[in-house]
Amino acid sequence: MGQVLTAGTPIAVIGAGTMGAGIAQVAALAGHPVLLYDTDSDRLQAAVSGLHAQLGKLAERGKLGPEQAAAAAERIGTARDLGELAPAGLVIEAIVELLTAKRDLLSALEDVVKPEAVLASNTSSLSIDAMAAGLRVPGRVVGMHFFNPAPVMRLVEVVHGELTDPAVVAAVHELAGSWGKIAVRVASSPGFIVNRVARPFYGEAHRLVEEGAADPATIDAVLREAGGFRMGPFELTDLIGQDVNLAVCTSVWVATHFDPRYTPSGWQRGLVEAGRLGRKTGRGVYGYDGGAKPEPSTAPRAAVPAHVSAGVGLGPLEPLVARAAAAGIQVEPGGLPGELLFPRARAALTTGALAGEAAGGLPLVSLDLAMDYRTATRIAVAAGSGCPPEALAEVVGFLQAAGLAVTVVADTPGLVVMRTVARLANEAADLAGRGVAEAADIDLAMRHGANYPIGPLEWADRIGTERIRQVLDAMEDRYRDGRYRPSLALRRLSGRSPRGEETGR
Ligand SMILES: NC(=O)c1ccc[n+]([C@@H]2O[C@H](COP(=O)([O-])OP(=O)(O)OC[C@H]3O[C@@H](n4cnc5c(N)ncnc54)[C@H](O)[C@@H]3O)[C@@H](O)[C@H]2O)c1
């Protein structure tokens, strides 16, 4: 098609709701004449007034020059019927998330816009192929998935169907980049990148609560303070809305023909059924009526153990020894590879097995993963039922002396952060391995669309893909429900980088 979209290209935005209004603002600020259309004329007027007010506010706060804000406001016009959208070189639809409605709209647009105009959909879950089916020119249909709020969130997933013209994908990708967005390419598939790869962040937290491993406030704190995530899964879903989060999960589960990796949580469904939708209803996982937020469970202060030694090959745990040394604790060389040895206990990074299953010797305390053990402020640990409290206390005392708050969770395979990250990496490797998206784009998408501190594939690189595979295999062995099965892509990597450096991809 030889598609070119420039700053002067007129843009039509259809659907003047939350997303449509945000997208119109982005396009107008980038210099495009924008025509906004909605079947509900009150919504349309409200969106335009809202946009004018928003641009005015940005100017007042000094985020935009007053002329810049006024010019952007002036570039936003409204259309009373679809026919008025004829000049648009790019149409972005952000109407209701219903395949039939979107199909009807695209088919009506075919009779309105020029043959070379691009038809983009902001759908979060529908197939681009299904949307384009039956159109005269399916090659010009592409996904342009913005995140809420569109003017703030930098990620745009550019979603291509089987029939999408590569020139259309390239043009939309370039245009989004010129708007200051981070554009990533992804093939149309359930959840695209972000809504697919992020599922375990919620799913594992739900399972931990369901199994009584820890309470929500504790899991949130561990994922924030050890995992480095900006928000824990429970505070985040209370913000998004438990109903909205459950709907995304259910849609990916259905679209993957009920893959057990995405089975929605019965516990979360219970919240939704009880009307505990989150902040918007005043109560979700937490209450929002002004009461105090529950505190995470933190182990009481324990004595520093009399003696600590560290085996070779501690891997990711290495910085803990340096932290302890900096706090004046002497760590001698000794003990088994990969383990810390105390007078009555030993400790090692979780392997995905239960701590209580460890063979022979002193009782084992499993240590959870931290994104960065040099800076983490909390760590989760677990011991088997055979571990005496004074043995566990030695490990707790050591970690506390190294400057960490310690959370003791029930003996759980893969504890909290490791199981979450292993599954995120598995999802990401699976998408990259299937060619749904490039590894680098997957990491970018998770950092900018989900605010992850680090992309899951870069994380997998740091920990080692072989370790991730072992953790998943061990967990699959414990649960035997298909949820932790390592993807073929992860197995094929067998220790190599998922980001292609060593495979030359
Ligand atoms: N809200 C989000 O966080 C989010 C994020 C990314 C993508 N999306 C997707 O963006 C789209 C819109 O979501 P939203 O949250 O802005 O919805 P919304 O309900 O706020 O707005 C939808 C608007 O579309 C209008 N509309 C419905 N049918 C129409 C039609 N046939 N023609 C013209 N206008 C029509 C409605 O009157 C309404 O004003 C959906 O596809 C959704 O999946 C939403």
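These legends accompany close-up views of a predicted model.

**Figure 1. Domain division of the chain.** Three domains are assigned: domain 1 spans residues 11-188, domain 2 spans 196-281 and domain 3 spans 308-408. Between the centres of domain 1 and domain 2, taken over C-alpha atoms, the separation is 30 Å.

**Figure 2. Helix 6, residues 166-178.** The helix has 13 residues, and the distance from its first C-alpha to its last is 18 Å, close to the 18 Å expected at 1.5 Å a residue. After helix 6 comes Gly180, which has a positive phi, near 85°.

**Figure 3. The buried residues of helix 6.** Val168, Val169, Ala171, Val172, Leu175 and Ala176 are the buried residues of this helix. They lie on the same side of helix 6, because the arc they cover around the axis is only 165°. Among the elements that cover these buried residues are strand 5 (118-121) and strand 6 (141-146). The cover also includes strand 7 (155-160) and strand 8 (182-187).

**Figure 4. Gly433 in helix 15.** Helix 15 comprises residues 417-433, and Gly433 is found in it. Gly433 has 17 C-beta neighbours inside 10 Å and therefore counts as partly exposed; a buried residue would need 20 or more, an exposed one 12 or fewer.

**Figure 5. Contacts of Gly433.** Leaving out residues up to four places away in sequence, Gly433 touches Ser487, Leu488, Ala489 and Arg492. Gly433 and Ser487 are 54 residues apart along the chain, and their C-alpha atoms are separated by 8.8 Å.

Key. Residues numbered from 1 in each chain as written. Predicted model: local features only at pLDDT ≥ 70, side-chain atom pairs only at ≥ 80, totals over all residues. Domains from an automatic or database assignment. Helix = DSSP H or I, 4+ residues; strand = E, 2+ residues; numbered from the N terminus. Expected span 1.5 Å × (residues − 1). Arc of directions from axis to C-beta. Contact = placed C-beta atoms within 7 Å.
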